[in-house]
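Student: I have a model open here and would like to talk it through. Can you take me around it?

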Amino acid sequence: VDAVVYFRIFDPIISVTNITDAGRATRLLAQTTLRNILGGHTLSEILASRDAIQQLMQQQLDEASDSWGVKVERVEIKDVRLPQELQRAMAAEAEASREAKAKVIAADGELNASRALKEAAEVIAQSPTALKLRYLQTLTF
């Protein structure tokens, strides 16, 4: 994930006395915060709620860096890239899910067909003439 953090030093005296390198500390804090926040979300949640994640990250960074004299102005998540192995694993998982759904649909179709055959058998069993007509119908096809 590529993200950008825009920050400024609002109190230079505090930023020099409370921390050695406010810029470096803010960047490290941003990396850690990004990992912590994104680690609690799925990929689809990250893609769907990018704005909410950015706001949450900005709030947490601003609170943590306030004692350093640093004000976090904005956080932007620029790009979400996936490694090739993860893309292949996700594709395999999606294919397995589609196959499982297809099997469920096929099983439902077979269940409905068997119910229809059972009902037809009950109707034919009630009338011997219907059985003879059905037999003759099968001979003509």
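This is a predicted model: local features need pLDDT of at least 70, side-chain atom pairs count only at pLDDT 80 or more; totals for chains, interfaces and linings use all residues.

Student: How many helices and strands does the protein have?
Tutor: There are 6 helices and 2 strands, in the order β-α-α-α-α-β-α-α along the sequence. Helices (H or I, at least four residues) and strands (E, at least two) are DSSP runs, numbered from the N terminus.

Student: What radius of gyration does the protein have?
Tutor: The value is 32 Å, whereas a compact globule of 141 residues would have one near 14 Å. That radius is taken over C-alpha atoms, and the globule rule is 2.2 Å times the number of residues to the power 0.38. Along the principal axes, the C-alpha atoms fill a box of roughly 105 × 30 × 15 Å.

Student: What percentage of the residues is buried?
Tutor: Buried residues are 19% of the 141. Buried means under 20% relative accessible area, exposed over 50%, and partly exposed in between (1.4 Å probe, protein chains only).

Student: Changing topic: is Ser15 buried or exposed?
Tutor: Ser15 counts as buried because its relative accessibility is 7%. The residue sits in helix α1 (residues 12-17). Not counting residues up to four places away in sequence, Ser15 touches Ile9, Ala22 and Trp68; contact means heavy atoms within 4.5 Å.

Student: And where is Gln54?
Tutor: Gln54 is in helix α4 (residues 50-65). With 14% relative accessibility, Gln54 counts as buried too. Leaving aside neighbours within four places in sequence, Gln54 contacts Val75, Glu76 and Ile77.

Student: Which residues touch the most other members of the largest nonpolar core?
Tutor: Val5, Ile53, Met57, Leu61 and Val75 do, out of 13 residues in that core. The elements giving two or more residues to this core are α2 (22-39), α4 and β2 (70-79), and α2 supplies the largest share, 4 residues. A nonpolar core is a set of buried Ala, Val, Leu, Ile, Met, Phe, Trp, Tyr and Cys residues joined through side-chain atoms within 4.5 Å.

Student: What is Met57 in contact with, leaving aside its neighbours within four places in sequence?
Tutor: Met57 contacts Val5, Ala30, Thr33, Leu34, Ile37 and Val75.

Student: Which residues does the second core include?
Tutor: Among the 5 residues of that separate core are Ala22, Ala25, Trp68 and Val70.

Methods:
Residues are numbered from 1 along each chain as its sequence is written. Side-chain values use heavy atoms; hydrogens and water are left out.
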